[in-house]
Amino acid sequence: MSKPDIDSPYPVTEEQIVFFRENGFIKLKNVLSPEAIEYYREEITTKVHELNPDDRPVGEKDLYDRAFLQIINVWKHSAKVEELMRSKRLARIATELLEVDGVRLHHDQALYKEPGGGYTPWHVDQFYWPLTSDRTVTAWFPLHAAPVEMGALSFSPGSQRLIAGRELIISEESEKQIEKNLKLADFGVEESPYDLGEVSFHLGYNFHRAGPNHTDRPREVMTIAYMDKDMRLAEPKNQKQRDDIAFCTPGAKVGEIINGPANPILYP
Ligand SMILES: O=C(O)CCC(=O)C(=O)O
């Protein structure tokens, strides 16, 4: 099979941009065709198993590792995954939703929630990333239709405006404390299944979580995290942010635009 179309524009409407601005996330249907998903799925899954350093059964893992097998920057290990990571269609949507002139890669990652895998606690992504602005967005898509009981990603609409809880690392405490904060501040939760080809986009400061995988099939998810192409590196605030520089923005200097080979411009 030849390369499927993952580059032609997907029409994002003004209403969808406004929805994203207000809610901090959006779910868009039919962004990837069934053919495109079929074309990349096997390669991503093969890489996840090849690169996964942890073969303990789910029952023996701690809370974080029970949530998913996590492989960062799969594109560095596969030309085919790099092709998907460079999808102009996805990067253009990210650019339009962020309302910036262009985006570059922060990282890609596969997140496979095994059968019996645990919940992903409430958190914001930018706890982990030392960046100078909030112009970051993650595209999150299952490589199959994903019912809620498989661990579909859920979001708290508008919660990117809430400061309390941003300082919490993914943990039992973040799950409890953020749930409490969201209730107190009257933020709700959007939880719904994903159709095949549906892609969600969430801001780096939108609070999100996923339930456990109650099915007998793995939840196979690919993600691409984008940032404003002019994003600068901030002084890291915690050890996770120091680690993040090594993994995702190697060579970047505090105060300067992040523009090394690990962070190519993806659109325009
Ligand atoms: O896939 C998950 O369970 C969590 C994903 C997530 O937090 C993210 O992509 O930002």
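Predicted model: local features only at pLDDT ≥ 70, side-chain atom pairs only at ≥ 80, totals over all residues.
Local features need pLDDT of at least 70, side-chain atom pairs count only at pLDDT 80 or more, and totals for chains, interfaces and linings use all residues. Residues are numbered from 1 along each chain as its sequence is written, and side-chain values use heavy atoms, with hydrogens and water left out.

Confidence was taken from pLDDT, the predictor's own score for each residue, from 0 to 100. The protein chain has a mean pLDDT of 97. In the chain, 100% of residues reach 70 or more. Among the elements, helix 3 (residues 63-67) has the lowest mean, 86. Strand 7 (residues 199-203) has the highest, 99. Helices (H or I, at least four residues) and strands (E, at least two) are DSSP runs, numbered from the N terminus.

Helix 5 spans residues 88-98. Eight of its 11 residues are buried, so helix 5 is largely enclosed by the rest of the structure. Buried means under 20% relative accessible area, exposed over 50%, and partly exposed in between (1.4 Å probe, protein chains only). The buried residues in helix 5 are Arg89, Leu90, Ala91, Ile93, Ala94, Thr95, Leu97 and Leu98. At the start of helix 5, a side-chain oxygen of Ser87 comes to within 3.3 Å of the backbone nitrogen of Arg89. Just after the helix, Glu99 adopts a positive phi of about 60°.

Strand 9 covers residues 219-228. Here 10 of the 10 residues are buried, so strand 9 is largely enclosed by the rest of the structure. Strands were taken to pair if DSSP finds at least two bridges between them. Strand 3 (residues 103-113) is joined to strand 9 by 10 bridges, and the two run antiparallel. In this pairing, Asp108 stands opposite Ile224 of strand 9. Strand 5 (residues 136-142) is joined to strand 9 by seven bridges, again antiparallel. Pro142 stands opposite Val221 of strand 9.

Spaces were searched on a 1 Å grid over the protein atoms alone. A cavity is a set of points where a 1.4 Å probe fits but cannot get out. A pocket is an open set with protein on both sides within 12 Å along at least five of seven lines. Lining residues have an atom within 4 Å of a point. Grid points are joined across faces, edges and corners, and a volume is the space filled by probe spheres set on the points. For residue classes, Ala, Val, Leu, Ile, Met, Phe, Trp, Tyr, Cys and Pro count as nonpolar, Asp, Glu, Lys and Arg as charged, and the others, Gly among them, as polar.

One cavity of 30 Å³ or more was found. The largest cavity holds about 30 Å³. Its lining consists of Leu32, Ala36, Ile37, Tyr40, Leu84, Phe141 and Leu143. Helix 2 (residues 34-51) gives the largest share, three residues. The cavity lining has seven nonpolar, no polar and no charged residues.

The largest pocket holds about 650 Å³. It is lined by 28 residues, with Tyr64, Gln70, Ile72, Gln109 and Tyr128 nearest its centre. Helix 7 gives the most to this lining, five residues. By class, the lining of the largest pocket has 14 nonpolar, nine polar and five charged residues.

The second largest pocket holds about 200 Å³. Its lining has 13 residues, of which Gln126, Phe127, Tyr205, Lys237 and Gln241 lie nearest its centre. Six are nonpolar, three polar and four charged.

Note on methods. Polar contact = N/O pair within 3.5 Å; in protein donor to acceptor, adjacent residues only side chain to side chain.
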